[in-house]
Amino acid sequence: MSAIPVLTDEAEIGTALERIRFNGDGLVPAVIQDVKNGEVLMVAYMNRESLARSLRTGRTWFYSRSRKCLWMKGETSGHHQYIREVRFDCDADTLLIKVEQVGPACHEGYRSCFFRCIGQPLQEGEKHGDIIPELFAVIKERQRTLPEGSYTAKLFRKGIDRIAQKVGEEAVEVVIAGKNRDRSELIEETSDLIYHLLVLLAECGVSPDEVWAKLAERRQ
């Protein structure tokens, strides 16, 4: 991924800023959306300077209301957001910024800040592609809370050696199921392998998105 300026002409940037209605505190909410699948990743605030920097650099800059300063997404974590499109609503008081996200958007390690659900989530029409980030979110929660009776928490308590060992064991099981052409067993063992790989990623501080980004580089 690369940072591409949204606007390069300072006059155009000035015109764009004049079109936005900042609130009484000089801020405007910015909804950050994954350009690839439309997932809402986070909501933050921008002032004139952070929006201008975002347009100039092609990376998201925000204004921290608690620290009262500008900050660039990913400046400490490396989880940058590369801007691909900037929109504003009919009242010009809310921004919609579509980005390519590197790593998790949430500071707690989740892909999206909106990982909590009130009530039961809808099951019908779920996309299969959602299961990886959802499962990884559960794994990260188990890592943080280490609840009793949780197999995932037990793995984290035993540490990297045991987690890596389980990945190796499950990989062997996948190979055996494949060589035996046992379709049912192959599905089962592949599921086990993917789960343990996600645990290993969490233990090592790596997100699935970083793996997807590396895979995308190989689509040549």
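**View 1. Lys166 in helix 5 of the predicted model.** Lys166 is found in helix 5, and the structure in which it is viewed here is a predicted model. With a relative accessible area of 12%, Lys166 is buried, because the cut-off for that class is a value under 20%. When residues up to four places away in sequence are left out of the count, Lys166 touches Tyr151, Leu155 and His196. Tyr151 and Leu155 belong to helix 4, and they are among the residues of that helix that meet helix 5.

**View 2. The meeting of helix 4 and helix 5.** Helix 4 covers residues 151–158 and helix 5 covers residues 160–179, and their axes, which come within 5 Å of each other, cross at roughly 120°.

**View 3. Thr8 in the segment before helix 1.** Thr8 lies in the segment that precedes helix 1, a helix that spans residues 10–19. The relative accessible area of Thr8 is 66%, and this residue is therefore exposed, as values over 50% are placed in that class. Although Thr8 and Leu55 are 47 residues apart along the chain, their C-alpha atoms are separated by 7.9 Å.

**View 4. The whole protein as a setting for the close-ups.** The secondary structure of the protein comes to seven helices and six strands, which follow one another along the sequence in the pattern α-β-β-α-β-β-β-β-α-α-α-α-α. Taken along the principal axes, the box filled by the C-alpha atoms is roughly 65 × 45 × 35 Å. Among contacts with a separation of 6 or more, 52% are accounted for by residues 24 or more positions apart.

**View 5. Surface and charge of the protein.** The accessible surface of the protein comes to about 13,500 Å², and carbon and sulfur atoms hold 52% of that area. The side chains of the protein include 31 that are positive and 34 that are negative, and the centres of these two sets lie 3 Å apart.

Note on methods. Residues numbered from 1 in each chain as written. Predicted model: local features only at pLDDT ≥ 70, side-chain atom pairs only at ≥ 80, totals over all residues. Heavy atoms only, no water. Helix = DSSP H or I, 4+ residues; strand = E, 2+ residues; numbered from the N terminus. Contact = heavy atoms within 4.5 Å. Areas by Shrake-Rupley, 256 points an atom, 1.4 Å probe, with all protein chains shown as cover. Lys, Arg positive; Asp, Glu negative; His and termini not counted. Charge placed at Lys NZ, Arg CZ, Asp CG, Glu CD. Axes fitted to C-alpha atoms, helices over the stretch in contact; angles between N-to-C directions. Buried < 20%, exposed > 50% of the residue type's maximum accessible area, 1.4 Å probe, protein only.
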